[in-house]
Amino acid sequence: MNRIWNWNGHEYPFDVSDPACTEAVTEALATLETDAQRLEARPHLTTSQTLRGHCAIVIRFFNTVFGEGAGREIIGSRDSAGVADEAYLDFICFV
């Protein structure tokens, strides 16, 4: 089954029944969890630094799933935790 996740005017092929896709999401989720724990372990960061770190984590998630550059394409040229979260949640619901 070939499925397409649509976001921000772009199409991203993703088939949950394809082992390669499932492996990519599993790896991306594990990395996301580790990265989030590292970010939380740095309470001295400013709010801006924390928001940028949060966006970087989501970008890395999408780069792992769809390939290098996809994360920035998905959340756009500016860091926005709101946009990053919205894209991430939409993709998770799609999966």
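Student: What percentage of the 95 residues in the chain is made up of buried residues?

Tutor: Buried residues make up 36% of the 95. Buried means a relative accessible area under 20%, exposed means over 50%, and partly exposed is what lies in between, with a 1.4 Å probe and protein chains only. This is a predicted model, in which local features need pLDDT of at least 70, side-chain atom pairs count only at pLDDT 80 or more, and totals for chains, interfaces and linings use all residues. Residues are numbered from 1 along each chain as its sequence is written, and side-chain values use heavy atoms, leaving out hydrogens and water.

Student: How many helices and strands does the chain have, and in what order do the elements run?

Tutor: There are 4 helices and 2 strands, and from the N terminus the order is β-β-α-α-α-α. Helices are DSSP runs of H or I with at least four residues, strands are runs of E with at least two, and both are numbered from the N terminus.

Student: What share of the contacts with a separation of 6 or more comes from residues 24 or more positions apart?

Tutor: Such pairs account for 59% of those contacts. A contact means heavy atoms within 4.5 Å.

Student: Which residues have the most contacts inside the largest nonpolar core?

Tutor: They are Trp5, Phe61, Phe62, Ile74 and Phe91, in a core of 26 residues. Strand S1 (4-7) and helices H1 (19-40), H2 (47-66), H3 (70-75) and H4 (81-94) each give two or more residues to this core. H2 supplies the largest share, 7 residues.

Student: Why is a set of residues called a nonpolar core?

Tutor: The name applies because the members are buried Ala, Val, Leu, Ile, Met, Phe, Trp, Tyr or Cys residues joined through side-chain atoms within 4.5 Å. In soluble globular proteins, nonpolar side chains tend to be buried together.

Student: How do you know whether Phe61 is buried or exposed?

Tutor: Phe61 has 1% relative accessibility, which is under the cut-off, so Phe61 counts as buried. Phe61 lies in helix H2. Setting aside residues up to four places away in sequence, Phe61 touches Ala28, Leu29, Leu32, Tyr88, Phe91 and Ile92.

Student: Which residues does Phe91 touch, not counting those up to four places away in sequence?

Tutor: Phe91 touches Trp5, Phe14, Val25, Phe61, Phe62, Val65 and Phe66.

Student: What makes Val65 count as buried?

Tutor: The relative accessibility of Val65 is 13%, under the cut-off, so Val65 is classed as buried. Val65 is a residue of helix H2. Beyond four places in sequence, the contacts of Val65 are Phe14, Ala24, Val25, Ala28 and Phe91.

Student: Why is Asn63 called buried?

Tutor: The relative accessible area of Asn63 is 15%; that is under the limit, so the word applies. Asn63 sits in helix H2. Outside four places in sequence, Asn63 is in contact with Glu68, Gly69, Ala70, Gly71 and Arg72.

Student: How do you know that Asp35 is buried?

Tutor: Asp35 has a relative accessible area of 11%, under the limit, and therefore counts as buried. Asp35 is found in helix H1. Not counting residues up to four places away in sequence, Asp35 touches Ile57 and Arg60.

Student: Why is Arg78 called exposed?

Tutor: Arg78 has 69% relative accessibility, which is over the limit for exposed, so Arg78 gets that label. Arg78 lies in the loop between H3 and H4.
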